Structure formats: C-alpha cells, structure tokens
Amino acid sequence: RFLRDITLPLDKAVVRQAYATLGPINRDEIAVAVIQFLQFFGFLIRTDVINNPDITYPADLSGVNDATVACTAAMMLFFFPSVKRP
C-alpha cells in the first residue's frame with residue numbers, strides 16, 4: 001500500500017545544474033515567502049493572541065478562525081503585482 005524501501009539515485013551534477021538554472025531569487029518569490037511566513041505565524045498565534053479579548057480590546061476578533069487567516073494571506077498576494085509578466 002505504501003511505498004517503502006524505495007531509493008532514488010540522484011546524480012549530483014544534474015541536481016547542481018538544475019539548481020543553477022533556477023537563477024537568483026526575485027522580489028515575487030520573496031513576497032510569497034514573507035506572506036507564507038505571516039500565514040503560518042497567524043495560524044500559530046490565532047487562538048492565544050488574536051482570539052483573546054484582553055489583548056485585542058476594543059476590537060472583537062472572536063470570529064477570526066483558520067479560514068480567515070488563510071483567505072487573508074491569499075488576498076494579500078493580489079495586492080503585490082508581479083514584476084515578472086507571463
């Protein structure tokens with residue numbers, strides 16, 4: 001049922017060449033990485049910080065759940081236009 005004891009031989013030269021063809025990291029990739037980090041951070045602090053009325057007073061953020069954090073991160077990606085046009 002599960003794939004176990006499978007080895008995948010890799011040639012180091014092929015992997016290095018594929019890595020070199022990626023090129024340097026650009027602004028779009030950095031923006032996605034930062035937003036993804038903020039999303040993970042939002043998931044981690046949601047129950048202890050965001051949904052805590054003592055910390056977020058006077059705002060009522062009790063309705064914020066995991067879907068809110070995920071959708072906010074997805075919407076943030078639309079606010080940063082890509083510098084690379086397809």
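The model is predicted, and the chain averages a pLDDT of 89. Phenylalanine 41, in helix H2, belongs to an aromatic pair with phenylalanine 37 and is also among the residues that line the largest pocket.

**Confidence**

- A pLDDT of at least 70 is reached by 98% of the residues.
- Confidence is highest in helix H4 (residues 66–79), where the mean is 94.
- Helix H3 (residues 53–56) has the lowest confidence in the chain, with a mean of 86.

**Aromatic pair**

- The structure contains one aromatic pair.
- The partners are phenylalanine 37 and phenylalanine 41, whose ring centres are 6.3 Å apart.
- Phenylalanine 37 and phenylalanine 41 are four residues apart in helix H2 (residues 27–50), so about one helical turn separates them.
- Phenylalanine 37 has a relative accessibility of 55% and therefore counts as exposed.
- Phenylalanine 41, at 42% relative accessibility, counts as partly exposed.

**Largest pocket**

- The largest pocket holds about 160 Å³ of space.
- Helix H2 gives the most to the lining of this pocket, with six residues.
- H2 and H4 each supply at least two residues of the lining.
- Residues of the lining include Ile35, Leu38, Gln39, Phe41, Gly42 and Ile50.
- Also among the lining residues are Val64, Thr68, Val69, Thr72, Ala73 and Met76.
- By residue class, the lining comprises eight nonpolar and four polar residues, with no charged residue.

- Tyrosine 57 and proline 58 are joined by a cis peptide bond, with omega at about 10°.
- Most peptide bonds, by contrast, are trans.
- Proline 58 is located in the loop between H3 and H4.

**Separation from the pair**

- Phenylalanine 41 and alanine 59 are 18 residues apart in sequence.
- In space, the C-alpha to C-alpha distance between phenylalanine 41 and alanine 59 is 20 Å.

Methods:
Residues numbered from 1 in each chain as written. Predicted model: local features only at pLDDT ≥ 70, side-chain atom pairs only at ≥ 80, totals over all residues. Heavy atoms only, no water. pLDDT = per-residue confidence, 0-100. Phe/Tyr/Trp six-rings, centres within 6.5 Å; stacked < 30°, edge-to-face > 60°. Buried < 20%, exposed > 50% of the residue type's maximum accessible area, 1.4 Å probe, protein only. 1 Å grid on protein atoms, 1.4 Å probe; cavity = no way out; pocket = protein on both sides within 12 Å on 5 of 7 lines; lining within 4 Å. Points joined across faces, edges and corners; volume = space filled by probe spheres on them. Nonpolar A, V, L, I, M, F, W, Y, C, P; charged D, E, K, R; others polar.
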